[in-house]
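Have the coordinates open as you read.

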Amino acid sequence: TDDDGSCLEVDDCGECGGDNSNCVYYFTEIQPIFDNNCSGCHPNSGGLNLSSYANLMDGGNSGAVIEPGDHAGSILWQKVYDGSMPVSNPDLTTEQVNLIKQWIDQGAQDN
């Protein structure tokens, strides 16, 4: 940080002075979770399409499913955390749920 407390260098996920080691990447970490576990039902179930970042951020019939920066307020995270989704596949692993949580908390970036 600079003398005034501002960041001199910000990593990919917005961490001041970070080295990208804690960043979660949508294309290489989050989308594969959706492709392998969710897209079978969510090319449009409930109006939600999980085939791409743009579709995810468009939400479903109930509106937005991601609140960037707020995993607890994100419907998608709530559903995978409580095990109600995915319905037709085994529950996501704790690691997968935590990656989604971290990605949302890092701003749910299109990275």
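Ala108 is buried, with a relative accessible area of 1%. In this predicted model, Ala108 sits in the segment after helix 4, and its phi is near 50°, a positive value in a residue other than glycine.

Asn20 also has a positive phi, near 75°. You'll find Asn20 in the segment before helix 1, where it is partly exposed at a relative accessible area of 29%. Then there's the peptide bond from Met85 to Pro86: it's cis, with omega near -5°. Pro86 belongs to the loop between helix 3 and helix 4. For context, most residues other than glycine have a negative phi, and most peptide bonds are trans.

## Helix 1 against helix 4

Helix 1 (residues 26–37) and helix 4 (residues 94–105) have axes that come within 11 Å and cross at roughly 130°, so the two helices are oblique to each other. The crossing is left-handed. On the helix 1 side, Tyr26, Glu29, Ile30, Ile33, Phe34 and Asn37 make the contact, while helix 4 brings Gln96, Leu99, Ile100 and Trp103. By class, that's seven nonpolar, two polar and one charged residues.

## The nonpolar core

The largest nonpolar core has 22 residues, and those with the most contacts inside it include Ile30, Phe34, Ile100 and Trp103. Helix 1, helix 2 (53–58), helix 3 (75–81) and helix 4 each give two or more residues to this core, with the largest share, five residues, coming from helix 4.

Leu56 is another of the residues with the most contacts inside the core. Leaving out residues up to four places away in sequence, Leu56 touches Tyr26, Phe34, Leu48, Asn49, Leu50, Val65, Ile66, Leu76 and Trp103.

Conventions
Residues are numbered from 1 along each chain as its sequence is written. This is a predicted model: local features need pLDDT of at least 70, side-chain atom pairs count only at pLDDT 80 or more; totals for chains, interfaces and linings use all residues. Side-chain values use heavy atoms; hydrogens and water are left out. Axes are lines fitted to C-alpha atoms, for helices over the stretch in contact, and angles run from 0 to 180 degrees between N-to-C directions. Helices (H or I, at least four residues) and strands (E, at least two) are DSSP runs, numbered from the N terminus. Angles under 35 degrees count as roughly parallel, over 145 as roughly antiparallel, 65 to 115 as roughly perpendicular and the rest as oblique. A crossing is left-handed if the near helix is turned anticlockwise from the far one by less than a right angle, and right-handed if clockwise. Contact means heavy atoms within 4.5 Å. Ala, Val, Leu, Ile, Met, Phe, Trp, Tyr, Cys and Pro count as nonpolar, Asp, Glu, Lys and Arg as charged, and the others, Gly among them, as polar. A nonpolar core is a set of buried Ala, Val, Leu, Ile, Met, Phe, Trp, Tyr and Cys residues joined through side-chain atoms within 4.5 Å. Buried means under 20% relative accessible area, exposed over 50%, partly exposed in between (1.4 Å probe, protein chains only).
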